Amino acid sequence: MDKCDTCDFNYTDYEFDDISKNINSLVSQYAKRLQAGIDDPDIEIALWSRPSPQIWSGLEYCCHIRDVFLIQRERLFTTLVESTPSFSPLYADQRAELGRYGAENIEQVGLEIKVSANLFSKILLEINDEQKSRTFIYDYPTTCERNITWLARHTLHEAYHHLRDLDLVTELSLKA
Ligand SMILES: [Zn+2]
């Protein structure tokens, strides 16, 4: 996947060396949305609410992206050491239930996204050109061989894509 049909994110628009900076700027957008939930009780309720039983709440999307940064950091380290490793799935839906995303604290999640994003993005700054092409087997959206440049772009895409989800579900819940 090099372009997302849902959010129009184009992987090749982002140079590796800018991805850390781009992640930080998206994280400040998440912080803004979560701060709005702290400041405004209506937005707080909307962040907690699932627009329908099968769709995550805004807060659940925030918890998801927090965990994405953490797991991608681990995958990055594994790829820097092992030769073309494969990874266990993220188990996003199971993780949301097991990790009780829906019962998390908005302010705390805001802090945790900053920490997890920073833990991921600061490692990107240490990657040299030879390391950027180290490969791994990735299972999403289809199973194929990818490299660290793609992992960085894909993680930025996750943050970009789910910020859009966060806005969409918050808007739906505010209207409900
Ligand atoms: Zn997308």
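**Note on the predicted model**

1. Burial. In this predicted model, 33% of the 176 residues of the protein count as buried.

2. Overall dimensions. The C-alpha trace spans about 50 × 30 × 30 Å along the principal axes of the protein.

3. Secondary structure. The protein has seven helices and two strands. Along the sequence, the elements follow the pattern α-α-α-α-α-α-β-β-α. The radius of gyration is 16 Å, close to the 16 Å that the globule rule gives for 176 residues, so the protein is as compact as a globular protein of that length.

4. Helix pair α2 and α7. Helix α2 covers residues 41-48, and helix α7 covers residues 148-175. The two pack with their axes 8 Å apart, at an angle of about 115 degrees. Angles of 65 to 115 degrees count as roughly perpendicular, and α2 and α7 are therefore roughly perpendicular to each other. Their crossing is right-handed.

5. Residues at this crossing. From α2, the contact is made by D42, I43, A46 and L47. From α7, T170, S173 and L174 take part. By class, the contact of α2 with α7 has four nonpolar, two polar and one charged residues.

Key:
Residues numbered from 1 in each chain as written. Predicted model: local features only at pLDDT ≥ 70, side-chain atom pairs only at ≥ 80, totals over all residues. Axes fitted to C-alpha atoms, helices over the stretch in contact; angles between N-to-C directions. Helix = DSSP H or I, 4+ residues; strand = E, 2+ residues; numbered from the N terminus. Parallel < 35°, antiparallel > 145°, perpendicular 65-115°, else oblique. Left-handed = near helix turned anticlockwise from the far one by under 90°. Contact = placed C-beta atoms within 7 Å. Nonpolar A, V, L, I, M, F, W, Y, C, P; charged D, E, K, R; others polar. Rg over C-alpha atoms; globule rule 2.2 N^0.38 Å. Buried ≥ 20, exposed ≤ 12 C-beta atoms within 10 Å, placed from the backbone.
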